[in-house]
There are 2 protein chains.
Amino acid sequence: MLQARGFLICVASLAAAAPAHAKTMAEVLAASEPSDWRPLDPANTLYVEWDAGRVVIELAPEFAPGTIANVKTLVQQKYFDGLAFIRSQDNYVVQWGDPAEAKRSLGAAKKTVPAEFSRAAKGLTFTPLNNVDAYAPETGFVGSLPAARDAKSNSAWLAHCYGMVGVGRDNAADTANGSEIYVVIGHGPRHLDRNVPLIGRVVQGMDLLSVIPRSRATMGFYEKAEERTPLRSVRLASDVPEAERSRLEVLRSDTQTFTALIEARRNRTEEWFLVPAGHIDVCNVPLPVRERAR
Amino acid sequence: MLQARGFLICVASLAAAAPAHAKTMAEVLAASEPSDWRPLDPANTLYVEWDAGRVVIELAPEFAPGTIANVKTLVQQKYFDGLAFIRSQDNYVVQWGDPAEAKRSLGAAKKTVPAEFSRAAKGLTFTPLNNVDAYAPETGFVGSLPAARDAKSNSAWLAHCYGMVGVGRDNAADTANGSEIYVVIGHGPRHLDRNVPLIGRVVQGMDLLSVIPRSRATMGFYEKAEERTPLRSVRLASDVPEAERSRLEVLRSDTQTFTALIEARRNRTEEWFLVPAGHIDVCNVPLPVRERAR
């Protein structure tokens with residue numbers, strides 16, 4: 001059994017016995033200070049619940065304030081309760097919304113929202129990755145989220161990495177009203193960057209979302225009602241009694257600990273690795289989340 | 001329903017009605033010639049079967065001949081029959097092998113195999129992607145597989161993209177003997193490139209592999225027997241009666257059709273896209289597979 005566990009990557013077991021070397025991620029995190037971590041803000045945290053459990057999403061209002069306001073209006077009207085996952089396309093996205101032809105009323109929410117696909121780079125605390133990127137002039141992190149930046153045009157945007165949460169739209173840019181929400185479950189589809197508003201990322205429960213049965217129909221939309229996984233509820237954490245909230249905190253990306261973590265992953269020093277990559281993709285930097293002490 | 005299907009990406013519905021523009025992938029494939037496609041070689045095709053169905057893997061002996069020879073020896077001894085998926089780590093890999101502490105005998109297969117993590121670039125037909133890459137000096141395609149190349153050192157290697165198949169190893173480089181095989185089910189872990197032998201890719205059935213329940217235990221190894229999904233069999237296609245073989249063909253990457261496909265994906269011209277990316281990551285280039293005509 002020990003041998004089987006040793007296969008492919010030996011992080012946990014080797015960190016303790018490692019000789020003097022550049023730090024591993026496990027060592028970087030073990031040396032972190034409480035101030036390196038930031039609790040989730042209940043007013044900007046969503047809980048998506050169904051039979052499998054709870055998925056926790058941290059929203060990013062600094063990137064898509066109008067879109068997120070509309071999502072919150074929908075959520076507080078319990079728009080999604082009893083709806084379903086309507087799409088599961090392999091190596092791409094799962095998506096929830098209203099499967100009916102005659103859609104639920106959006107109530108007080110807007111039918112259209114001005115596009116929020118990028119924003120001014122100025123005013124953002126941006127931790128650069130310092131690595132070339134296949135898609136953007138520069139990548140890095142803002143508020144514990146993968147992001148990209150173009151200094152020339154003073155613009156910044158969130159990056160479509162695994163676990164990022166976006167809002168579906170029709171062809172018109174202002175149709176991303178929040179009534180359909182998707183999560184990336186495959187290799188980062190970065191060609192979607194700047195084409196659709198990203199509103200945050202999944203900080204817990206990706207392993208529940210990623211196993212939702214795939215559809216082989218066009219674009220992964222289920223064709224039969226019985227294929228769809230029903231949603232129980234989507235709630236803002238601030239609308240949930242405190243005792244029922246998930247007590248999570250995320251590693252801040254504007255810290256020396258996070259910069260050290262990037263370096264620990266750019267060149268892996270665990271004994272298993274024979275050739276350190278010397279490079280790292282923005283979507284391959286782990287974004288640590290942990291339970292808060294009570 | 002039509003509106004729901006229009007959300008996020010409208011490829012299929014728009015291709016037919018598209019105005020004069022650079023071709024979409026659908027249009028490129030529709031215009032392909034039979035000679036742009038290559039049938040799978042039964043002697044280098046694996047079928048992995050369990051309750052969910054069949055996964056088809058195309059092997060890449062030009063990159064890992066010794067490792068693949070050992071895998072074939074194991075497969076022809078029916079080494080994997082009745083074993084199980086022993087690992088499912090979210091955004092990383094699923095892996096099969098022997099979960100028992102006392103492992104099955106490898107029989108005629110070797111316990112160690114000289115490392116095949118890269119090879120000489122010379123002699124390979126390499127279709128360059130012409131895009132910067134986060135990890136390698138150059139990326140492209142060899143035999144319908146994502147690959148990387150370093151002209152300076154005359155070396156080439158396969159890239160850890162979604163669906164790529166590798167052989168687990170212990171810390172020593174020569175321990176990748178084929179008794180544990182993994183498939184990438186998340187964002188391409190390119191830091192594994194040149195650290196482990198890639199032996200091919202899944203050409204059909206990724207949607208079965210990707211929903212295997214995740215384990216939250218260390219490195220995604222299941223801790224309890226009842227969590228593991230049992231394997232029925234792993235076979236070489238050439239050992240399966242012809243009537244039971246999957247009749248698949250893949251788009252050759254050494255064709256003008258494939259080069260046109262890359263460009264169709266580098267700048268998406270479907271009406272939904274408002275900002276063409278202008279760039280593409282090697283792991284985001286689709287590698288088309290289709291049923292062969294009878």
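Predicted model: local features only at pLDDT ≥ 70, side-chain atom pairs only at ≥ 80, totals over all residues.
Figure 1. Which residues of the helix are buried? Along α6, which spans residues 256-266 of chain B, they are T257(B), F258(B), L261(B), I262(B), A264(B), R265(B) and R266(B).

Figure 2. E49(B) sits in β2, the strand made of residues 45-50 of chain B. Is E49(B) buried or exposed? Its relative accessible area is 18%, so E49(B) counts as buried, the cut-off being under 20%. Leaving aside residues up to four places away in sequence, E49(B) touches R54(B), L231(B), R232(B) and S233(B). With one of these, R54(B), there is a polar contact from side chain to side chain, at 2.5 Å.

**Figure 3. The salt bridge between D207(A) and R216(B).** This close-up shows a pair that joins the two chains. D207(A) and R216(B) form a salt bridge, with 2.5 Å between the closest N and O atoms. Across the interface of chain B and chain A, the rule finds 2 salt bridges. Polar contacts link 27 residue pairs between the chains, counting pairs with both residues at pLDDT 80 or more.

**Figure 4. The side of chain B that touches chain A.** Four elements of chain B give two or more residues each to this side: α1 (2-6), α2 (12-15), β5 (93-97) and α5 (206-209). The largest share, 4 residues, comes from α1(B). By residue type, this side of chain B divides into 38 nonpolar, 19 polar and 19 charged residues. In total, 76 residues of chain B are in contact with 75 residues of chain A. The size of an interface is often expressed as the accessible area lost when the parts come together. Between chain B and chain A the buried area is about 6500 Å², and carbon and sulfur atoms give 56% of that area.

**Figure 5. How the two copies are related.** A rotation of 180 degrees, with 0.0 Å of shift along its axis, superposes chain B on chain A with an RMSD of 0.0 Å. This is therefore the relation of a two-fold axis. Both copies use the same surface, as 99% of the contact residues of chain B recur in chain A.

Conventions: Residues numbered from 1 in each chain as written. Chains lettered and ligands numbered in written order. Heavy atoms only, no water. Contact = heavy atoms within 4.5 Å. Buried area = accessible area lost by both parts, 1.4 Å probe. Salt bridge = Lys/Arg side-chain N within 4 Å of Asp/Glu carboxyl O. Polar contact = N/O pair within 3.5 Å; in protein donor to acceptor, adjacent residues only side chain to side chain. Nonpolar A, V, L, I, M, F, W, Y, C, P; charged D, E, K, R; others polar. Least-squares fit on C-alpha atoms with pLDDT ≥ 70 in both. Buried < 20%, exposed > 50% of the residue type's maximum accessible area, 1.4 Å probe, protein only.
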